[in-house]
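Please examine the model below. The questions that follow concern how its features are named and on what grounds.

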Amino acid sequence: MIKEVIVVEGRDDLDAVKKAVDAEVIITQGFSLSKSVLNRIRLAQQKKGVIIFTDPDHAGEQIRRRIKDAVPGCKDAYLVQNKATKSGDIGIENASPEAIREALTKAKVAYQKEEKKFIKDDLVALGLIGGYESKELRDKVGNELGIGYANGKQFLNRLNNYGITREEFILALEKVTRGVEDGNC
């Protein structure tokens, strides 16, 4: 059983998470986020901790930000879009139980005090910003680290805010680039 309470957007997401793990789940009912839902999330965070697991799309990121603004200290779990897409529909409900378990095991909490271990020049030098295939590389490295896909600026923020070490980052980068060179990705 997952110790924390998992927050998802809708009933179909709840069903998919319940097929993958044994956990308590709160449904946001989409973007509305009523006071009663936010109060339940606050209480869950105080008692057990919370993992925010929203859809890997713009609306999901907006919901995640609203929850994090109202309830500090929640963990974030991310699914990459290609693992959450079925017939053009993007959502947690479309992910396999294995993909859901993997995302939840990589959940991380953002630190309140951002550490500047990484700078923009690091990402440019490694091809994660400004290169022809930077978007795809960020997507793969973000998935490997469990911080999800983000544009260059947000990716840099996540590296610093989630306490990713240089060693973790280099291992993830080597793993995904080795897979590309071997033709496995």
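A cavity is a set of grid points where a 1.4 Å probe fits but cannot get out, and its volume is the space filled by probe spheres set on those points. The model examined here is predicted.

Q: How many cavities of 30 Å³ or more does the structure hold, and how much space lies in the largest cavity?
A: The structure holds one cavity of 30 Å³ or more. The largest cavity contains about 60 Å³ of space.

Q: What makes a residue part of the lining of the largest cavity, and which residues line this cavity?
A: A lining residue has an atom within 4 Å of a cavity point. Tyr78, Leu79, Val80, Lys83, Ala99, Glu102, Ala103, Lys106, Asn143 and Gly146 line the largest cavity. By class, the lining comprises five nonpolar, two polar and three charged residues. Helix 4 contributes the most to this lining, with three residues.

Q: Why are helix 1 and helix 4 called roughly perpendicular?
A: Helix 1 (residues 11–20) and helix 4 (residues 97–105) pack at an angle of about 85°, their axes being 8 Å apart. Angles of 65 to 115 degrees count as roughly perpendicular; the two helices are therefore roughly perpendicular to each other.

Q: Which residues of helix 1 and helix 4 meet?
A: From helix 1, Ala16, Val17, Lys19 and Ala20 meet Pro97, Ile100 and Arg101 of helix 4. By class, this contact has five nonpolar, no polar and two charged residues.

Q: Which residues does the UniProt annotation "domain: Toprim" cover?
A: According to the unreviewed UniProt entry, the annotation covers residues 3–86. The span is 43% helix and 17% strand, and its end C-alpha atoms lie 29 Å apart.

How values were computed: Residues are numbered from 1 along each chain as its sequence is written. This is a predicted model: local features need pLDDT of at least 70, side-chain atom pairs count only at pLDDT 80 or more; totals for chains, interfaces and linings use all residues. Side-chain values use heavy atoms; hydrogens and water are left out. Axes are lines fitted to C-alpha atoms, for helices over the stretch in contact, and angles run from 0 to 180 degrees between N-to-C directions. Helices (H or I, at least four residues) and strands (E, at least two) are DSSP runs, numbered from the N terminus. Angles under 35 degrees count as roughly parallel, over 145 as roughly antiparallel, 65 to 115 as roughly perpendicular and the rest as oblique. Contact means heavy atoms within 4.5 Å. Ala, Val, Leu, Ile, Met, Phe, Trp, Tyr, Cys and Pro count as nonpolar, Asp, Glu, Lys and Arg as charged, and the others, Gly among them, as polar. On a 1 Å grid over the protein atoms alone, a cavity is a set of points where a 1.4 Å probe fits but cannot get out, and a pocket is an open set with protein on both sides within 12 Å along at least five of seven lines; lining residues have an atom within 4 Å of a point. UniProt positions are given in the numbering used here, feature names are shortened, and annotations may be inferred rather than shown by experiment.
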